[in-house]
Amino acid sequence: FHFLLLPVLSPAQAIVVYTDREVHGAVGSRVTLHCSFWSSEWVSDDISFTWRYQPEGGRDAISIFHYAKGQPYIDEVGTFKERIQWVGDPQWKDGSIVIHNLDYSDNGTFTCDVKNPPDIVGKTSQVTLYVFEKVPTRYGVVLGAVIGGVLGVVLLGLLLFYLIRYCWLRRQAALQRRLSAMEKGKLHKPSKDSKRGRQTPVLYAMLDHTRSTKAVSEKKAKGLGESRKDKK
């Protein structure tokens with residue numbers, strides 16, 4: 001019997017593109033629009049990156065940058081033609097660009113599209129640019145700082161609580177040891193006193209016996225003396 005071996009083909013996985021959700025910049029400054037991707041295939045020599053821009057309030061998106069065959073191409077149409085800089089590296093799966101000399105008219109949505117043949121199926125990713133006179137403090141930064149401060153206070157409170165509790169328990173243990181030692185001492189003292197109490201009557205009895213014996217001896221001696229005098 002002959003068996004025919006056929007290769008098992010796994011279904012293609014879609015390419016995944018990542019960008020920031022939004023970026024902020026000040027008028028006259030520069031901003032980096034980051035773009036990276038994940039692909040089930042090795043980075044191809046035919047990899048391409050395309051950036052499109054849709055103005056704030058606009059309906060149509062225009063192409064402003066393209067990378068293909070190892071070369072960056074900046075579109076000659078639009079306000080970004082002399083202000084875009086390629087800073088990506090395909091080998092590191094990076095398709096980022098920098099926009100210089102920001103202006104209020106740059107507000108809008110930027111879309112990054114990546115093709116890594118044969119992996120060419122996937123969704124694009126968008127980042128929104130906000131240009132201000134001065135870059136405001138991000139709400140997330142403020143919220144993070146507040147949460148961090150609250151957590152710090154809570155942790156400090158817990159640390160103080162456990163430190164005080166530890167000191168209190170240690171003191172209670174020391175007092176318990178002292179009380180136990182005192183109770184043991186009291187238990188031993190009555191035993192000595194009881195022995196002394198039992199010994200005291202014996203001593204008194206011995207003293208009384210000695211005194212009575214001495215008195216009897218003295219009486220006998222006195223009686224003998226008087227009888228001798230009578231004989232004389």
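Cys167 is partly exposed, with a relative accessible area of 44%; buried stands for under 20%, exposed for over 50% and partly exposed for what lies in between, with a 1.4 Å probe and protein chains only. The model is predicted: local features need pLDDT of at least 70, side-chain atom pairs count only at pLDDT 80 or more, and totals for chains, interfaces and linings use all residues. Residues are numbered from 1 along each chain as its sequence is written, and side-chain values use heavy atoms, with hydrogens and water left out.

A search of the whole structure finds 1 disulfide, a term for a pair of cysteine sulfur atoms within 2.5 Å. The partners are Cys35 and Cys112, with sulfur atoms 2.0 Å apart. Cys35 belongs to strand E4 (residues 35–38) and Cys112 to strand E10 (residues 108–115), so the link ties together parts 77 residues apart in sequence. Strands (E, at least two residues) are DSSP runs, numbered from the N terminus. Both Cys35 and Cys112 are buried.

Strand E10 is also part of an open sheet of 6 strands, in the order E2-E12-E10-E5-E6-E7, with mixed pairing. Two strands pair if DSSP finds at least two bridges between them. Strands E2 (22–26) and E7 (71–74) stand at the edges with a single partner strand each, so one side of each has no neighbour in the sheet. E10 pairs with strand E12 (residues 125–132) in the antiparallel sense over 5 bridges, and Gly108 stands opposite Leu129 in E12.

Next come the aromatic rings. Rings of Phe, Tyr and Trp (its six-membered ring) pair if their centres lie within 6.5 Å; planes under 30 degrees apart count as stacked, over 60 as edge-to-face and the rest as tilted. By this rule there are 10 aromatic pairs. One of them, Tyr53 with Phe110, is tilted, at 4.7 Å centre to centre and 35° between the planes. Tyr53 lies in strand E5 (residues 48–55) and Phe110 in strand E10, so this pair ties together parts 57 residues apart in sequence. Phe110 is buried, with a relative accessible area of 0%. The rings of Phe80 and Phe110 have centres 5.7 Å apart and planes at 75°, so that pair is edge-to-face.

Phe110 is also among the residues with the most contacts inside the largest nonpolar core, which has 26 residues. Such a core is a set of buried Ala, Val, Leu, Ile, Met, Phe, Trp, Tyr and Cys residues joined through side-chain atoms within 4.5 Å.

Definitions and conventions. Helix = DSSP H or I, 4+ residues; strand = E, 2+ residues; numbered from the N terminus.
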